[in-house]
Amino acid sequence: MPIDSENSADDRQHLAEALRGLRRASGLSGERLALRCNMSQTKISRIETGRALPTVIDVERILAALSVPGTVATEIIALARQANVDYASWRAYARMGLHRKQAELQALESSSGEVRHFLPAVPTGLLHIREYATETLSATVEGSSKRDVARAVQARMDRQAILDDTSRTFWFLMTEQAVRWRRANAEVMAAQCRHMAEVARKPQVHIGIVPQSVQVPAIPMNIFVVYDRRLVTVELFSGEVVLRDPQDVQFHRNLFDLFWSYSVTGERLTALLEELASEFMRQRD
């Protein structure tokens, strides 16, 4: 995946070499270390050769088992946190073709049993109608890379077939502001609202909207997507950050649950989307 950057690969290799060196300096064999850490010897071997990326918790257990001094341990843990974070810019995705980004997302979705989308700014591509997708994928800011919009839009439309897969569960949580944001003309915005109301009727799809009138004890700062308990992607203006540390993933799951508890769902959701669609239609020029 493109999110596995060259710098990230270097960080992983440095982490593997550091852990292997510390283990050898301690005089412990891989088998002895595995016993102390309550891990398999195979896992230790894969970590030390860079074939498996250890979580921060894994590294903490290894360092404790090796009785690594505090200063050194702090440096290794910092390296582990860095290795568990990836970043890719939207410019890089545009250069290789935005349709390839859609293929990457499709692969992530196809390998996940549960996907949670937190959408404070805009509905996600899995919920887009074609006209809305065209608007959101078109470059509008100076400095944006050239892109094949038509190909990317078709790839996004093709991805949506996964919403009919009853073996998976999809959660989409939006703010009312995200739904109201005028990214397209009134007719498209109204159609987008009605489309989301229709998708919400699928038994494996759960959609919630946090109304603007509700007081929420948190601020919706970033778009993020949680794939099972494996990883979370966080969108920035310039690119995307991928977090794999279990603590980071759980933190974002907790955030999702908090905001979801203030959302409207079911019939109240449908009524809100129909109301917004009617409001958009009244705004036509």
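Two strands are taken to pair if DSSP finds at least two bridges between them, and in this predicted model strands β5 and β6 run antiparallel and are joined by 4 bridges.

The secondary structure of the protein chain comprises 13 helices and 7 strands. When contacts between residues at least 6 apart in sequence are considered, 76% of them join residues that are at least 24 apart.

The 7 strands form an open sheet with mixed pairing, and their order across the sheet is β1-β7-β6-β5-β2-β3-β4. Strands β1 (85-89) and β4 (205-210) are the edge strands, each of them pairing on one side only, and from one strand to the next the twist averages 15°. Within this sheet, strand β2 (residues 114-119) and strand β3 (residues 169-175) run parallel and are joined by 6 bridges; V115 has F170 of β3 as its bridge partner.

The antiparallel part of the sheet includes the pairing of β5 with β6, in which Y227 has L231 of β6 as its bridge partner. The hairpin of β5 and β6 has 3 residues between the strands, and in this hairpin D228 takes a positive phi near 50°. Strand β6 also pairs with β7 in the antiparallel sense, over 4 bridges, and V232 stands opposite L243 in β7. Strands β6 and β7 likewise form a hairpin, with 3 residues between them. Because 4 of the 5 residues of β6 are buried, this strand is largely enclosed by the rest of the structure.

Helix α12 (residues 246-260) lies across β2, β3, β4, β5 (224-227), β6 (231-235) and β7 (239-243), and the helix runs at about 65° to β2. In the loop between β4 and β5 lies Q215, which counts as exposed because its relative accessibility is 73%, the cut-off for exposed residues being over 50%. Although Q215 and Y262 are 47 residues apart in sequence, their C-alpha atoms are 8.3 Å apart in space.

Two packed helices are described by the angle between their axes and the distance between the axes. For helix α11 (residues 186-199) and helix α13 (residues 266-282), the axes come within 8 Å and cross at roughly 170°. This crossing angle makes α11 roughly antiparallel to α13, since angles over 145 degrees count as roughly antiparallel. On the side of α11 the contact is made by A186, E187, M189, A190, C193, R194, M196 and A197, while α13 contributes T270, L273, E274, L276, A277, S278, F280 and M281. Sorted by class, the residues in the contact of α11 with α13 are 11 nonpolar, 2 polar and 3 charged.

How values were computed: Residues numbered from 1 in each chain as written. Predicted model: local features only at pLDDT ≥ 70, side-chain atom pairs only at ≥ 80, totals over all residues. Heavy atoms only, no water. Axes fitted to C-alpha atoms, helices over the stretch in contact; angles between N-to-C directions. Helix = DSSP H or I, 4+ residues; strand = E, 2+ residues; numbered from the N terminus. Parallel < 35°, antiparallel > 145°, perpendicular 65-115°, else oblique. Contact = heavy atoms within 4.5 Å. Nonpolar A, V, L, I, M, F, W, Y, C, P; charged D, E, K, R; others polar. Buried < 20%, exposed > 50% of the residue type's maximum accessible area, 1.4 Å probe, protein only.
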